[in-house]
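Please look over the sequence and the model shown here, and then follow the notes below, which are grouped by topic.

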Amino acid sequence: MEEKKNNRRLIVRLGALLIRYAVPVSVVCCLAGFLTLMLLPVLAKNTYISENALMPGSANPRYSDQNTKDASELTKEIMNLKLTSTENHMGVQSLLFEHMSEAGGDVYFHKFLSPDKTFKPSRFFVDSQQQYKSNFEESSKNSSVVPGVNVVGIIRAPHGDGKEAIVLVTPFLSDNIRIGDAFSLGLGYSLFYLFSRTIWLAKDFVWLAADSKYGTHAAVAAWLKDYHEPIFYHSSSFLKSESLVDGLLPPEEKGPSYKQIDYNTLDDFQRAGTIAAALVFKVQENQIQTDKDNLNIYAEASNGQMPNLDLINVVNFLAVHRQGLHTRVESLFFMLSWKWLSVLGGILEWLGKVAFTLNPEWKFGLPSEEYVQGAAGLASSIYHQALGIPTGAHGSFRDYQVDAITLEVSLRFSLENEMTRVSYLLKIGRLLEGVVRSVNNLLEKFHQSFFLYFLTSSSRFISIGVYMIPFALLLVPLVILAAALCSYKSGGLNPLAKFYDGSVPRDYNESELTHTNILESASGTRTSGQETDVINLGLSLHSQEWFNAAKNVLFVHLWAAVVAMFPSVICRLSLEASEMKLLIWAALSCLTLFVGRGILGIFYPKFDIWQEAEAEKEPHIEGWVALKAFTLGITTIGLVIMSVINFAAALLGVILLVPMCLSVYPLKYLLKASIRKRTLLMLLSISFIILAFPPFMVVALRGLFDGFSKASFTDFWDWTEMLWSWGSATYPYLFFVHVPCWVLCFQVLLYV
């Protein structure tokens, strides 16, 4: 019992010590967090395959020259179809249907319309895929609407029970077919034909030729919506296939194979088993001068979701070690030219060499060039995960907890040359065959490897156990400083020097009212009478200021929620210019803020956040102290909750908000400090306030990506419109955590 009591006293004393030295401890933790963040590229590990059943490259590829010949012939047919007809709305689909049927697969058409992108606040709290079903039901009533048409083929596994499937998606633009689309369709058909003749297939194989009329993501998402949910609107809402084909396909394009189509089966939606994994394959349209054939891997899905790392590892292993392709992930290329990042990489490289000389087992550090490239890849991974928007059509699969990635090929030579096209078909065909064979070997879902990670390159990653460290180090100062502000005693430039403002009753001297003494009294080291008096005094010193601060914090959060709903109204005004939309949004936001504060001032006129305190009249806790304490506390809670939903967004949040929260201080007190301290603190406070201002953040990002000459504040409207149209959780975070924190810190700064 005595040992338990001593442990309690130790914890209390440690807490009191942290509160007493809150400022230096917070600064140290903040600097350590940023230092650890800069070390993440060095701490990245090489990828490895965790699931032994995958066995990539263990079997000889069956994809042969005959398969490449089939793919090349279909590619030429598609391109000739484009040349002979200027309006081939259904020509490509009919051609694919014919070839899939000849291969022996179950084939059908799937029709869809553009998803409803109208801003609806309820979209953040319901199924985001619901937009595809409701949109089709409403829009298909209009006979003038032209739907997109996917072609779906299924190969039933000869040695499977039909409970699992593997999906390959090859997008194409039906209105304007290009050589890259024709190449991917030819490749998809050759694999479809190959798998229809194999005996080792244990999972159904589904080939989805996705019509990109309204975007690849819309085509795939609409198909997945119907794949996972029953269709109750088949006869009433879907347009008949015969009328669809007859209306869209010119008579000269109706060949013999067209006449043999059984219209009664085209709309019969067929399913395979539960989707184990999916691959989206496409060819980069714009040729980039490069000395290697590159395979770009896109893995980020909605709200920071990532596929199991083993899927990426299998693709990387087969592409590099079997087919000689150079794999890469997306990077922020403008970071490659940052001199200070290169200097930091050189310093870390030198430290790594020193550590290696001391102990050869200390493998620390990277070459400077690799560090810069890793930092650019890491920043891209964090940014795209934090944005919450999929980087490809694979994001639709991840919404159904299906592991999927997008593979985009960037080739050295043009596909117009037939010999070049054949060599690429053989290489990429064997790559995709190897990936399908590895997934086919699985007896259960992907689970062995990581789901929470950042990629610095296609072969290096940072796990959650590592990147949680900077997040925790940056978040801890908010908790410590909030506790210190709650124990605030008296004024001065340093808000943590004393804990309460005002005079002290005669029965106690100033030293007895320190927070440490109050904590000691709670732990039983003081007399019971003195303990009660001190605690009561500490808890009763002007609770009105704390209550007023709490009401202010509540009002600001309610105001931010209302501001988040304004785009729903603005979008209904039929305005085209983003400048006008942003201007109306800003005007409504400012108007509601000032009107709301005026109304609240009527109900509690003593609300003195903007009034100078009269500390000489009675014991007083100034309003800004209580306001900042509440701000730090509620911001910490918001960031922790966001870390569960989208960790990357929460990480960017602490990077932007923590320095602002730590440095912000009323300007009226800064003016009383020495010139050096005044200049430093004012510079930090104002700089971090500006950097954390959401429109400024968007302008800075646009300037870094495309140049500051193209950046403007109207980009903020476009950015938020993109977030809500995709249903990104970053949008609620912005208005429930980031904006309220910024407004409250701005109030603290202007406290007079």
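In this predicted model, helices H23 and H28 pack with their axes 11 Å apart and at an angle of about 5°. Angles under 35 degrees count as roughly parallel, and therefore H23 is described as roughly parallel to H28.

**Helix H26**
- Helix H26 covers residues 694–706, and its 13 residues reach 18 Å from the first C-alpha to the last, which is close to the 18 Å expected at 1.5 Å a residue.
- Its buried residues are Pro694, Pro695, Met697, Val698, Val699 and Gly703, and the elements that cover them include H23 (647–663) and H28 (730–749), together with H25 (675–691) and H27 (714–725).
- After H26 comes Gly707, a residue with a positive phi near 100°.

**Cysteines**
- The count of disulfides is zero, where a disulfide would need a pair of cysteine sulfur atoms within 2.5 Å.
- The cysteine sulfur closest to that of Cys661 belongs to Cys741 and lies 3.5 Å away, so this pair is too far apart for a bond.
- Cys661 counts as buried because its relative accessibility is 1%, whereas Cys590, with a relative accessible area of 42%, is partly exposed.

**The chain as a whole**
- The chain holds 28 helices and eleven strands, and of its 752 residues 53% count as buried.
- Its accessible surface comes to about 33,800 Å², and carbon and sulfur atoms account for 61% of that area.
- Among contacts between residues at least 6 apart in sequence, 81% join residues that are at least 24 apart.

**Two loop residues with positive phi**
- Met55, although it is not a glycine, has a positive phi of about 45°, and Met55 is found in the loop between strand S1 (45–46) and helix H3 (65–84).
- With a relative accessibility of 44%, Met55 counts as partly exposed.
- Asn303, also a residue other than glycine, has a positive phi near 55°, and its place is in the loop between strand S7 (294–298) and helix H12 (309–321).

Key: Residues numbered from 1 in each chain as written. Predicted model: local features only at pLDDT ≥ 70, side-chain atom pairs only at ≥ 80, totals over all residues. Heavy atoms only, no water. Buried < 20%, exposed > 50% of the residue type's maximum accessible area, 1.4 Å probe, protein only. Helix = DSSP H or I, 4+ residues; strand = E, 2+ residues; numbered from the N terminus. Contact = heavy atoms within 4.5 Å. Areas by Shrake-Rupley, 256 points an atom, 1.4 Å probe, with all protein chains shown as cover. Expected span 1.5 Å × (residues − 1). Axes fitted to C-alpha atoms, helices over the stretch in contact; angles between N-to-C directions. Parallel < 35°, antiparallel > 145°, perpendicular 65-115°, else oblique.
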